[in-house]
Amino acid sequence: MIRRAEEKDLERVNDLLFQVLEVHANGRPDIFIHGTKKYTDEELLKIFKDDKRPVFVFADDNDIVQGYAFCVFEETRGVPNLRDEKTIYIDDICVDQKCRGQKIATRLFNHVKEFAAKNGCRRITLNVWSVNPGARKFYETMGMKPLKTVMESVLF
């Protein structure tokens, strides 16, 4: 079952946030700090209630969260060189390591896609770190294509 995240999901969402952070910290320890997470509990609870930042969870038959999709509505309006449009940005999708291979991420992605269309979004966007080639491959199988490339030069 896919539904909006609720306060009761906080512990499981935190578990998954730690898992995804470790993927990034292992790949880019110069940027990410092991053992941390992206949001405080207070921030998460606020996000769970924010209709502009919907968080969807995939819960099993016992209502235990096995995956999530953090989303953010974005709008471009009145920018001289850009068309007005509404998009949904997928900030993060994570499936518990123990539950991978069950098409949970596919279900979450498709749910976000349907939700975005129903809410007038023209596109779905997201970022993929180069240290996570599995995620990039997944998004490509979902029909996503690169929009732009962010480059860096590490100075020290």
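A nonpolar core is a set of buried Ala, Val, Leu, Ile, Met, Phe, Trp, Tyr and Cys residues joined through side-chain atoms within 4.5 Å. In this predicted model, the largest such core has 25 residues. Ile88, Ile90, Phe109 and Tyr139 make the most contacts inside this core. Two or more residues each come from S2, S3, S4, helix H3 (104–118), S5 and helix H4 (133–141). Helix H3 gives the largest share, seven residues. Phenylalanine 109 illustrates the packing. Neighbours up to four places away in sequence are not counted here. Phenylalanine 109 then touches Ile90, Ile93, Ile124, Phe138, Tyr139, Met142 and Met144. Another core, of 16 residues, lies apart from the largest one. Its members include Leu17, Leu44, Phe48 and Cys94.

The sheet comes next. Five strands form an open sheet, and their order is S1-S2-S3-S4-S5. The pairing is mixed. Strand S1 (2–4) and strand S5 (123–126) are the edge strands, and each pairs on one side only. On average, neighbouring strands of the sheet are turned by 30° against each other, with direction ignored. Strand S3 (residues 65–76) and strand S4 (residues 85–95) are antiparallel partners, joined over ten bridges. Within this pair, glycine 67 faces valine 95 in S4. Helix H1 (residues 10–27) lies across strand S2 (55–59), S3 and S4. The helix runs at about 80° to S3.

Glutamine 66 is also part of strand S3. Is this residue buried or exposed? The cut-off for buried is under 20% relative accessible area. Glutamine 66 has 12% relative accessibility, so it counts as buried. Its contacts, leaving aside neighbours within four places in sequence, are Arg12, Leu16, Phe58, Asp60, Cys94, Val95, Asp96, Cys99, Gln102 and Ile104.

Helix H2 (residues 41–48) has a buried side. Leu44, Ile47 and Phe48 of this helix are buried. These three residues sit on the same side of H2, because they cover an arc of only 100° around the axis. The buried residues of H2 pack against S1, H1, S2 and S3. Two of them, Leu44 and Phe48, are among the members of the 16-residue core. The face of H2 turned away from the buried side carries Glu42 and Lys46, which are exposed.

Terms used. Residues are numbered from 1 along each chain as its sequence is written. This is a predicted model: local features need pLDDT of at least 70, side-chain atom pairs count only at pLDDT 80 or more; totals for chains, interfaces and linings use all residues. Side-chain values use heavy atoms; hydrogens and water are left out. Two strands pair if DSSP finds at least two bridges between them. Helices (H or I, at least four residues) and strands (E, at least two) are DSSP runs, numbered from the N terminus. Axes are lines fitted to C-alpha atoms, for helices over the stretch in contact, and angles run from 0 to 180 degrees between N-to-C directions. Contact means heavy atoms within 4.5 Å. Buried means under 20% relative accessible area, exposed over 50%, partly exposed in between (1.4 Å probe, protein chains only). The arc is that of the directions from the helix axis to the C-beta atoms.
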